[in-house]
There are 2 protein chains.
Amino acid sequence: MAKGASLSGFPEWLPQERAVEQKIIDTLRRVFELHGFLGIETRAIEQGSSLLKKGETSKEIYLLSRLQEVGHESDTPLENRLGLHFDLTVPLSRYVVENSGALVFPFKRWQIQKVWRGERPQEGRFREFVQADIDVVGNGDLAEHYEVELPLVMVEALERLGKYGLPKATVHANNRKLSEGFYRAVGLTDVEGVLREVDKLDKIGADEVSKLLVSECGADETQAAACLELAEITTSDAQELASRFDALCDKYGVDKDSDAYSLAQQGLSTLAHIVADAASIRPGAVLADLKIARGLDYYTGSVYETFLDGAPQLGSICSGGRYDNLASQGKKKYPGVGLSIGLSRLLSYLLHTVGATASRQSPAAVMVAVWDEASRDASNSIADALRARGINTDVSPNDAKIGKQIKYASKLGIPYVWFPANDAGEEATGDQVKNIITGEQSDADSMSWIPDTVYAQQAISIEE
Amino acid sequence: MAKGASLSGFPEWLPQERAVEQKIIDTLRRVFELHGFLGIETRAIEQGSSLLKKGETSKEIYLLSRLQEVGHESDTPLENRLGLHFDLTVPLSRYVVENSGALVFPFKRWQIQKVWRGERPQEGRFREFVQADIDVVGNGDLAEHYEVELPLVMVEALERLGKYGLPKATVHANNRKLSEGFYRAVGLTDVEGVLREVDKLDKIGADEVSKLLVSECGADETQAAACLELAEITTSDAQELASRFDALCDKYGVDKDSDAYSLAQQGLSTLAHIVADAASIRPGAVLADLKIARGLDYYTGSVYETFLDGAPQLGSICSGGRYDNLASQGKKKYPGVGLSIGLSRLLSYLLHTVGATASRQSPAAVMVAVWDEASRDASNSIADALRARGINTDVSPNDAKIGKQIKYASKLGIPYVWFPANDAGEEATGDQVKNIITGEQSDADSMSWIPDTVYAQQAISIEE
């Protein structure tokens, strides 16, 4: 991270680190476009009334005031004030409603943008970070198959980051209908409360969650035990998922004619479909994991979290789910499903734990030397000839001794230094180019020379 | 622009418009990297103390407050509050100082990001917009040749946007030292005041500016006339520039031994160099235009504005200059020179005046049809085979009648519809692909088929 970064929670990257971020963004965008997602951006600013809607992050917003309004901020009610978006899902919902007449549904979109969370500064928490999202939003309804396909697109995208050192990612999927149906079927009514407590399992453990279910959600010991047993079910096998769920229902005497059980079965069916399809296309990529709750967010069906092998401390790096009620216009609903990669945290992990780095600071493959300032135009002409053929080229900042010019190229990681022709009497030469990594030097013509493939592009490597 | 855009000054684009913006950004980035600029991003948020430094836009900042702080905002002094950056130059200066130990100088960087201006909403003014900047920042000193080269890089970048309908761009250059030296040489002392009034020439005309020079800046009629005559000098010929300036100095009896004249000559020399070099590399691209003032900004040497042929109403679309005093650390200075494209305004012009549009909404070249939901996996496999070979591919959202599926592809502008093999008795066929624009249909193999070049990519075209 940029060393002097003077504001806690607002990461900035050095050029060589930013090059890694740029490659990640390019890679994700490529995968999203391969799958036919349309790219959009939404404004960074939303109205308070949008931001303060339900959602676990809505308490962490940054509100804005114009310099001229300072001291009078409170004259404006919160709903009418402007604030920075805290995710890309709430803005998407607004965008879809506002532009419904101009969009083709189902609307598949990708979006990579910064978001802001107005939290207290804490170690390791970002207050400004980049999210990379894909969502599909339907007009009125949305087919279930998108709940199967979207996590697989994200798995494919994350797999492509393997070459930058990202470990294998596994999507853990659950379904709100399954959880809610089961909780209701065993007689619990505070579904939100139960989800909130179950969401704490990884942090505080089963015993504490059990106590909270009793003290906060009106559960008895048996009901608390049922919730915890449900949360223990983890499998990548659709058959096993169904049979373990059935066994649990039998154990706790669930009425299989009840509406609650039927709701749970809806969720189970979607989840089984996700797991089965994933197993045939990308074995091991998706796991049913019935403790995944996603806190108090706006999800109504599938929910997803994604973990990296060997990096549990990172938590979920790609989360999302299905939301049926986030966007609506009169009676019309726009149900959606989507996932969001927390890109900045991922980048930080790749840079600082994995040791990913750009092969060089500069995008340039060549630096043209300058014999003296009077001949800078000649050096510029060579550079322009190389650029016209697509070769990224810098020119020496000065006409210092050649050793110093080479040092400048070397510090930037530029592999080739180009020496323009000189007519210095007996030592006259034509244009020459030197690979300052291998030491190889040869005659060269700016109209035809090309760099060796291995040195042509800024690439990402992993430090041993 | 997205029709429903509900917040004045915060533009959002429909997918087909956003595709144009993305192509522009990709094109600019390509040119900047060809010239060896390093890409960085800075955080969107700066401390009040940075934002409130001198600069004509610093009165238009958005300040932030966390939701929890509402009502107590005024407890924090402005300098300690956070705000959104209003340009990319002030953040660059901070970034360079903070990371000076890790950067290679001269530091050449490109940066394309959103900025915000907390102005009152006005017709046609953006409060959130994208800027595309290049700058070179030196450590201690900075060679003059960058003042020549940077506007030419921008001209090259803008030229490449010609294929999206951008008219020819001309950089109008001036030099603060030239203006200041001349003003002082004719006896004026309120240099900033004179620059501020001269900056209004295009808006209010020479007569009004003349009055203001007298009433606001202590000029007499002769001095005001001298300023206006200086502002009339426009030429792309370095010789003519020097001789017209000299004639003006003679006319107003300037003392050629004075410090003021010597300062003016320094500025003249740089400007002449810019014009001469540009004339040899890109004739007509750069014009000396001595009325360019850049208001109260932080510039100390060259200043640039860029205008499009036939679009004076747009004003300058790419502005900048040399700043020697923006960044410093103790006694060390980091002088810089740079230019900034107002990308959102440019995009708005291309979309709404020129009629630039993406050839299709979707990046996909192919949509694979789905005979029935039971065979969706087969359609997905075909799509994955095409994607593995780099072909952007969507899959039909449903198993509606083929006519309806084709209509979905057609609305998204996807040129090819793929029909998976079907074993429907006598009508059985292998895989087939249909170009729904030409009507051509043929057998196809997902392992080898490629789209016609003209239909392969989303492209930008200009409506007649």
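Leaving aside neighbours within four places in sequence, B:Cys227 is in contact (C-beta atoms, placed from the backbone, within 7 Å) with B:Tyr183, B:Val194, B:Val198, B:Leu213 and B:Ala219. The model is a predicted one, in which local features need pLDDT of at least 70 and side-chain atom pairs count only at pLDDT 80 or more, whereas totals for chains, interfaces and linings use all residues. Residues are numbered from 1 along each chain as its sequence is written, and chains are lettered from A and ligands numbered from 1 in the order in which they are written. B:Cys227 is also among the residues with the most contacts inside the largest nonpolar core, together with A:Val20, A:Met154, A:Cys227, B:Val20 and B:Met154. This core has 230 residues, a nonpolar core being a set of buried Ala, Val, Leu, Ile, Met, Phe, Trp, Tyr and Cys residues joined through C-beta atoms within 7 Å. A residue is called buried if 20 or more other C-beta atoms lie within 10 Å of its own, exposed if 12 or fewer do, and partly exposed in between, with C-beta atoms placed from the backbone. In soluble globular proteins, nonpolar side chains tend to be buried together.

Chain A has 14 helices and 21 strands, taken as DSSP runs (helices H or I of at least four residues, strands E of at least two) and numbered from the N terminus. The C-alpha atoms of chain A fill a box of roughly 100 × 60 × 45 Å along the principal axes, and buried residues make up 49% of its 464 residues. Among contacts in chain A between residues at least 6 apart in sequence, 69% join residues at least 24 apart.

Within chain A, strands β11 (residues 318-323) and β14 (residues 336-342) run antiparallel and are joined by six bridges, and the bridge partner of A:Tyr323 in β14(A) is A:Gly336.

In chain B, strand β9 (residues 286-289) directs B:Val286 and B:Ala288 one way and B:Leu287 and B:Asp289 the other way, and all of these are buried. In a regular strand the side chains alternate between the two faces of the sheet. Strand β7 (residues 169-175) of chain B pairs with β9(B) in the parallel sense over three bridges, with B:Ala173 standing opposite B:Ala288. Strand β8 (residues 234-235) of chain B pairs with β9(B) in the antiparallel sense over two bridges, and here B:Thr235 stands opposite B:Ala288.

Helix α4 (residues 145-160) of chain B contains B:Glu159. The helix has 16 residues and reaches 23 Å from its first C-alpha to its last, close to the 22 Å expected at 1.5 Å a residue, the expected span being 1.5 Å times one less than the number of residues. Although α4(B) is mostly covered, with 13 of its 16 residues buried, B:Glu159 counts as partly exposed because it has 15 C-beta neighbours inside 10 Å. The C-alpha atoms of B:Glu159 and B:Arg345, which are 186 residues apart along the chain, are separated by 17 Å.

Between the two chains, 62 residues of chain A are in contact with 63 residues of chain B. At least two residues of the side of chain A that touches chain B come from each of α1 (15-34), β1 (38-39), β3 (62-66), α3 (89-98), α12 (376-388), β17 (393-395) and α13 (402-412) of chain A. By class, this side has 27 nonpolar, 19 polar and 16 charged residues, with Ala, Val, Leu, Ile, Met, Phe, Trp, Tyr, Cys and Pro counted as nonpolar, Asp, Glu, Lys and Arg as charged, and the others, Gly among them, as polar.

Strand β3(A) and strand β3 (residues 62-66) of chain B run antiparallel and are joined by five bridges. A:Tyr62 has B:Arg66 as its bridge partner in β3(B), while A:Arg66 stands opposite B:Tyr62. β3(A) is mostly covered, four of its five residues being buried.

The same surface serves both copies, since 100% of the contact residues of chain A recur in chain B.

Methods:
Pairing = 2+ DSSP bridges.
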